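We will go from stop to stop, with something to select at each one.

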Amino acid sequence: MIHDLNEQAIQGRIGRKLRELRTVAGLTAVELALQAGLSQSQISKIETGKAALSISSLTSLCQILGRPISYLFQKDEEIPRVLGTMTTVAGPESRGLAWFATEVNRLSNGRLSLVPLQATLLGSQIHQTAMLKEGFLDLFIEDLPAFRDLAPALDLLSLPYVFHSTDHQTAFLQSTGFDQMIRQELMLQGIRPINSRWNWRRGQEWVILATRPITHPDQVKGLKVRIFESPILAHFWKELGAEPVVIPWPKVRRAWMRGEVDLLPTHKSHLYPLGFCRRGRFVTLLGDVSPQLMVAVNEARYNCLPPGIQTALVDACDAAGEFFSAEVVRSEAENEQINMRRYGATYLKVDLKPWQTAAGRITRALIPEWPAVRMMWDMIQQIKG
């Protein structure tokens with residue numbers, strides 16, 4: 001009798017979940033039956049818990065509905081209640097992430113929470129994306145080049161002046177080419193980008209911080225420049241005559257304060273929250289488009305969530321992107337004034353033409369060495385924005 005009750009409970013659970021997935025997919029029982037090679041009566045019986053299907057039939061249905069078969073057997077108490085993500089830069093970025101966490105909890109009616117982990121415990125960007133792929137990290141928000149180890153073409157976005165405007169950047173990220181080349185590649189590796197609106201923007205522009213005025217690209221020759229782990233970025237700075245030094249982000253502030261590098265390319269929004277101008281007060285404004293952040297989740301973890309909670313997570317992501325970007329931009333303008341008063345920061349508006357010309361020349365020379373990067377470069381050039 002106990003065995004029969006357990007079997008009935010399992011059949012009932014499978015039926016409820018199949019019906020839920022079919023409804024969310026917008027399929028009728030007839031349409032699902034036709035695609036799976038089953039009869040409508042079989043679908044109806046399984047959805048009402050009155051019949052069991054073979055594993056092969058259930059697998060076929062799950063492939064159509066885009067879920068692993070394990071989802072059908074998952075008990076309610078096995079549904080993830082917490083997603084582990086990581087902390088970000090103190091200040092406007094951390095406020096944006098906190099707002100995202102609150103929104104996830106609100107839209108899911110308390111059924112899902114985000115728990116931030118210290119970035120210092122997770123290693124470099126490449127290590128963090130590997131942890132996301134393997135499921136040790138559930139959700140990861142970072143610049144697109146952070147995913148370059150999984151989609152090598154993204155390394156192109158490590159270079160400056162790849163896009164000529166924010167509209168150009170957004171148009172590319174929403175293009176079919178980007179979907180096929182990057183999003184689908186990440187999906188195959190178990191990582192799902194969820195911010196299709198591309199509204200997580202890290203400030204307004206890139207800058208170079210230095211202890212002396214840097215107004216022309218020729219002035220970086222012989223200087224040590226901090227970079228993240230990126231082959232194409234290392235080549236770029238070498239071609240400019242600088243000496244690239246790879247320093248993981250969690251160690252950047254200490255390395256900068258200790259004088260281990262002479263130049264610090266960074267986001268303008270990071271200058272005051274991290275106190276960077278305490279050592280170097282000359283900020284070269286590069287006028288380059290600020291990077292977009294990708295919000296990605298581990299696909300297996302995502303597939304453990306019921307459709308309603310998935311929708312809550314995605315909707316919270318879209319709403320949080322608007323809040324995050326607005327908060328960063330607002331604070332960036334406010335902090336510029338504070339940075340000048342407190343640290344004597346000097347913001348240098350330089351002639352951008354020499355920087356853009358040098359960057360374009362070096363980029364065109366480097367691209368043939370990376371076939372995947374060249375494909376992305378060609379696609380970007382074809383995008384109008």
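Is Phe 282 buried or exposed? With a relative accessible area of 14%, Phe 282 is buried; the word buried means under 20% relative accessible area, exposed means over 50%, and partly exposed is in between (1.4 Å probe, protein chains only).

Before the next click, a word on the model. This is a predicted model, in which local features need pLDDT of at least 70 and side-chain atom pairs count only at pLDDT 80 or more, while totals for chains, interfaces and linings use all residues. Residues are numbered from 1 along each chain as its sequence is written, and side-chain values use heavy atoms, with hydrogens and water left out.

**The whole chain**

Zoom out. Along the principal axes, the C-alpha atoms of the chain fill a box of roughly 80 × 40 × 30 Å. The chain has 15 helices and 11 strands; these are DSSP runs numbered from the N terminus, with helices being H or I of at least four residues and strands being E of at least two. Of its 385 residues, 52% count as buried.

Now colour by pLDDT, the predictor's confidence in each residue, from 0 to 100. The chain has a mean pLDDT of 88, and 92% of its residues reach 70 or more. Select residues 1-5, where the pLDDT is below 50. Beyond near neighbours in sequence, this stretch has zero contacts in the model, a contact being heavy atoms within 4.5 Å. Across the chain, take the contacts between residues at least 6 apart in sequence: 75% of them join residues at least 24 apart.

**Back to Phe 282**

Select Phe 282 again, in strand 9. Leaving aside neighbours within four places in sequence, Phe 282 is in contact with Ile 208, Leu 209, Ala 210, Thr 211, Arg 212, Pro 213, Thr 346 and Leu 348.

Next, show the second largest pocket, with a volume of about 330 Å³. Of the 21 residues that line this pocket, Tyr 161, Val 162, Phe 163, His 164 and Gln 356 are the closest to its centre. The elements that give two or more residues to the lining are strand 9 (282-289), helix 14 (352-366) and helix 15 (371-382). Helix 14 gives the most, with seven residues.

How are such spaces found? On a 1 Å grid over the protein atoms alone, a pocket is an open set of points with protein on both sides within 12 Å along at least five of seven lines, a cavity is a set where a 1.4 Å probe fits but cannot get out, and lining residues have an atom within 4 Å of a point. Grid points are joined across faces, edges and corners, and a volume is the space filled by probe spheres set on the points.

Click on Tyr 161, in the loop between strand 3 (139-143) and helix 8. Tyr 161 counts as buried because its relative accessibility is 16%. Its phi is near 60°, a positive value in a residue other than glycine. Most residues other than glycine have a negative phi.

**Helix 8**

Select residues 166-173, which form helix 8. Its buried residues are His 168, Gln 169, Thr 170, Phe 172 and Leu 173. They pack against helix 9, strand 9 and helix 15.

**Gln 189**

Move on to Gln 189, in the loop between helix 9 (176-188) and strand 4 (191-193). What does its side chain reach at 2.6 Å? The answer is the backbone oxygen of Leu 150. The Gln 189 side chain also makes a polar contact with the side chain of Glu 185 (2.9 Å). A polar contact is a pair of N or O atoms within 3.5 Å; within protein, one must be able to donate a hydrogen and the other to accept it, and residues adjacent in sequence count only if both atoms are side-chain atoms.

**The cavity**

Last stop: a search of the whole structure finds one cavity of 30 Å³ or more. About 40 Å³ of space lies in the largest cavity. Select its lining: Lys 268, Ser 269, Leu 271, Tyr 272, Glu 332, Asn 335, Glu 336, Asn 339 and Tyr 347. Helix 13 (residues 307-343) provides the largest share, four residues.
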